Amino acid sequence: MKPRISVITLCVDDLERAVRFYQDGLGLPTDGIIGEEFEYGAVAFFDLSAGLKLALWPRKSLAHDTGLKLATSSATEFSIGHNVMSQLEVDEVMAQAESAGAVIVKPAQDTFWGGYAGYFQDLDGHIWEVVWNPALLPEESA
């Protein structure tokens, strides 16, 4: 398998609420909800970096599409890392997320490995780590 991951899909309970959180609260660009004319088709895509997209899709839609039973979610299944350029930017993003309604799980602080990071949960309980790693700074995008 070649590493060609282009979409990360987060399943949500309320698509409109989740879109408002990511678009209005975190400022991620999107064209909004599309596919509403199809049963189980409503989805929203957000542009991230280097061609990577974040998709928000109702949990019931993924359950239907895969044929799996709708199950309860667990916040500790995975996390999404958002790497930033400075400690100050970690604090700014954490504050922005909290203002948008996120729950701060672990306030930003110095890490044991020499970085600075904190965790928040979005409105559906997904864990995001906002991190400044001096050994792994992100590339600036245009």
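**Charged pairs, pockets and surface**

Let me begin with Asp-124, which is buried, because its relative accessible area is 9%. Before I go on, please keep in mind that what you see is a predicted model.

Asp-124 forms a salt bridge with Arg-17, and the closest N and O atoms of the two are 3.5 Å apart. Arg-17, for its part, counts as partly exposed, because its relative accessibility is 30%.

In general terms, side chains of opposite charge can pair when their charged atoms come close. How many salt bridges does a search of the whole structure find? The search finds three, and I will take the remaining pairs in turn.

In one of them, Arg-59 is bridged to Asp-13, with the closest N and O atoms 2.8 Å apart. Here too the pair links distant parts of the chain, with Arg-59 in helix α2 and Asp-13 in the loop between β1 and α1 (15–25), 46 residues apart. Is Arg-59 buried or exposed? At 15% relative accessibility Arg-59 counts as buried, because the cut-off for that class is under 20%. Asp-13, in contrast, has a relative accessible area of 57% and is therefore exposed.

The other pair joins the side chains of Asp-47 and Lys-53, which meet in a salt bridge at 2.3 Å, N to O. Asp-47 is partly exposed, with a relative accessible area of 38%, and Lys-53 is also partly exposed, with a value of 31%.

The largest pocket holds about 870 Å³ of space. Of the 26 residues that line this pocket, Leu-48, Ser-49, His-82, Asn-83 and Pro-138 are the closest to its centre. The elements that contribute two or more residues to this lining are β5 and α3 (87–99), and the largest share, four residues, is supplied by β5. If we sort the lining of the largest pocket by class, we find 15 nonpolar, seven polar and four charged residues.

The second largest pocket contains about 430 Å³ of space.

Next, a few words about the surface. Val-7, Ile-34 and Phe-45 make up a nonpolar patch there, with about 220 Å² of accessible area together. Of these, Ile-34 is found in strand β2 (residues 30–34), and Ile-34 counts as partly exposed because its relative accessibility is 41%.

Thr-76, in the loop between α2 (59–66) and β5 (79–83), is exposed, with a relative accessible area of 74%. The C-alpha atoms of Thr-76 and Gly-125 are separated by 9.3 Å, although the two residues are 49 residues apart along the chain.

I will finish with the backbone. Most residues other than glycine have a negative phi, and with that in mind I would like to point out two residues. Tyr-40 is not a glycine, yet Tyr-40 has a positive phi of about 65 degrees. Tyr-40 lies in the loop between β2 and β3 (43–47), and at 32% relative accessibility Tyr-40 counts as partly exposed. Ala-50, which is likewise a residue other than glycine, has a positive phi, near 50 degrees. Where does Ala-50 lie? Ala-50 is in the loop between β3 and β4 (53–58), and with a relative accessibility of 86% Ala-50 counts as exposed.

Definitions and conventions:
Residues numbered from 1 in each chain as written. Predicted model: local features only at pLDDT ≥ 70, side-chain atom pairs only at ≥ 80, totals over all residues. Heavy atoms only, no water. Patch = residues over 30% accessible without salt bridge, like charges linked within 9 Å, V, L, I, M, F, W, Y side chains within 5 Å. Areas by Shrake-Rupley, 256 points an atom, 1.4 Å probe, with all protein chains shown as cover. Salt bridge = Lys/Arg side-chain N within 4 Å of Asp/Glu carboxyl O. Buried < 20%, exposed > 50% of the residue type's maximum accessible area, 1.4 Å probe, protein only. 1 Å grid on protein atoms, 1.4 Å probe; cavity = no way out; pocket = protein on both sides within 12 Å on 5 of 7 lines; lining within 4 Å. Points joined across faces, edges and corners; volume = space filled by probe spheres on them. Nonpolar A, V, L, I, M, F, W, Y, C, P; charged D, E, K, R; others polar.
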